[in-house]
Amino acid sequence: MGLLTGLSPRQKLSSNSILSNPQRREELIKKAVDRVSNKSGINYIFSNPLQVFSEEISWIVKQGITRLEDYQNFQTVGGIGTRIEHSDRELMFEIYQTYCNLRQQSGMQYDWDNLATAVCRELDGDRSSRRYRHIIIDEGQDFSPQMIRSLAKAIPPNGSLTFFGDVAQQIYGHRISWRDAGLNIENIWEFKENYRNTKQIAKLGLGNFTNAILQRCT
């Protein structure tokens with residue numbers, strides 16, 4: 001909802017402007033792939049399943065990549081990131097742009113992935129007072145880098161953003177730097193002790209879980 005409040009007051013979010021139907025999104029991506037394929041001719045990238053293109057488009061947007069140059073120069077870190085070879089990224093980016101154009105032509109300016117990018121763009125050009133001074137992010141490991149950037153832009157210079165997350169569970173790469181996510185970190189506290197359970201309770205729970213697996217296998 002925080003992303004929506006970054007667009008609604010600025011008259012940038014009309015009714016039915018978000019593509020919410022996953023099936024419709026896949027149809028538009030397939031149409032984009034076919035259109036670029038027909039124009040470009042034979043290339044093995046087009047033999048990939050539709051899911052590969054769908055996931056790559058989602059990844060591009062969540063990283064905040066808006067230019068072909070940035071996409072071509074992006075270095076995959078920690079084994080997590082783009083699965084498209086450098087030689088094919090120009091075609092992949094054309095597919096992404098074609099999908100965006102087809103979506104907009106269908107009357108939907110956004111999908112759920114690119115809302116954060118739209119908020120970043122609006123806030124970059126907005127000099128009015130920020131609505132929030134302090135923002136707290138919980139379960140931050142589930143946030144994409146672009147989502148974190150959009151929230152960082154939503155606070156004033158004298159505000160604060162507090163991030164709670166388990167970096168061991170980070171799904172967008174374990175080495176994403178705070179600076180890349182738009183954060184200027186002054187203090188970091190790492191909680192290395194488990195305060196949820198005692199060692200005895202954790203051991204008991206793990207033992208019961210193992211026994212349950214063994215029972216199901218026998």
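A residue counts as buried when its relative accessible area is under 20%. Isoleucine 148, with a relative accessible area of 6%, is therefore buried. The structure discussed here is a predicted model. The average pLDDT of the protein is 79, and 70% of the residues score at least 70. Of the 218 residues in the protein, 35% are buried.

**Overall architecture**

- The protein contains 8 helices and 4 strands.
- Along the sequence, these elements follow the pattern α-β-α-α-α-α-β-α-β-α-β-α.
- Of the contacts between residues at least 6 apart in sequence, 72% connect residues that are at least 24 apart.

**Confidence at residues 209–218**

- Over residues 209–218, pLDDT stays under 50.
- For this segment, residues 209–218, the model has 0 contacts beyond four places in sequence.

**Cysteines**

- The number of disulfides in the structure is 0.
- Cysteine 100 has 14% relative accessibility and so counts as buried.
- Cysteine 120 counts as buried too, because its relative accessibility is 5%.

**Helix H2**

- Helix H2 covers residues 22–40, which is 19 residues.
- At 1.5 Å a residue, H2 should span 27 Å, and its end C-alpha atoms are 27 Å apart, so the two values agree.
- The buried residues of H2 are Arg25, Leu28, Ile29, Ala32, Val33 and Val36.
- The exposed residues Gln23 and Asn38 sit on the face of H2 turned away from its buried side.
- The packing partners of the buried residues of H2 are two strands, E1 (18–19) and E2 (110–111), and two helices, H3 (50–62) and H5 (89–105).
- At the start of H2, asparagine 21 places a side-chain oxygen within 2.9 Å of the backbone nitrogen of glutamine 23.
- Just after H2, glycine 41 has a positive phi of about 90 degrees.

- Isoleucine 18 belongs to strand E1.
- Isoleucine 18 is buried because its relative accessible area is 16%, against a cut-off of under 20%.
- Isoleucine 18 and glutamine 109 are 91 residues apart along the chain, while their C-alpha atoms are separated by 6.3 Å.
- Glycine 107 is located in the loop between H5 and E2.
- Glycine 107 is in contact with Asn16 and Ser17, leaving aside neighbours within four places in sequence.
- Between the C-alpha atoms of glycine 107 and asparagine 16 the separation is 8.2 Å, with the two residues 91 residues apart along the chain.

**Serine 58 in helix H3**

- Serine 58 is part of helix H3.
- With 12% relative accessibility, serine 58 counts as buried.
- Not counting residues up to four places away in sequence, serine 58 touches Arg25 and Asp113.
- Arg25 is itself one of the buried residues of H2.

**Asparagine 114, between E2 and H6**

- Asparagine 114 occupies the loop between E2 and helix H6 (115–124).
- The relative accessible area of asparagine 114 is 14%, so asparagine 114 is buried.
- Which backbone nitrogen does the side chain of asparagine 114 reach? The side chain reaches the backbone nitrogen of aspartate 111, at 2.8 Å.
- Residues touched by asparagine 114 are Val61, Arg103 and Gln109, not counting residues up to four places away in sequence.

**Helix H7**

- Helix H7 (residues 145–152) is mostly covered, with 7 of its 8 residues buried.
- The buried residues in H7 are Pro145, Gln146, Ile148, Arg149, Ser150, Leu151 and Ala152.
- Isoleucine 148 lies 13 residues from leucine 161 in sequence, with a C-alpha to C-alpha distance of 9.6 Å.

Methods
Residues are numbered from 1 along each chain as its sequence is written. This is a predicted model: local features need pLDDT of at least 70, side-chain atom pairs count only at pLDDT 80 or more; totals for chains, interfaces and linings use all residues. Side-chain values use heavy atoms; hydrogens and water are left out. pLDDT is the predictor's confidence in each residue, from 0 to 100. Contact means heavy atoms within 4.5 Å. A disulfide is a pair of cysteine sulfur atoms within 2.5 Å. Buried means under 20% relative accessible area, exposed over 50%, partly exposed in between (1.4 Å probe, protein chains only). The expected span of a helix is 1.5 Å times one less than its number of residues. A polar contact is a pair of N or O atoms within 3.5 Å; within protein, one must be able to donate a hydrogen and the other to accept it, and residues adjacent in sequence count only if both atoms are side-chain atoms.
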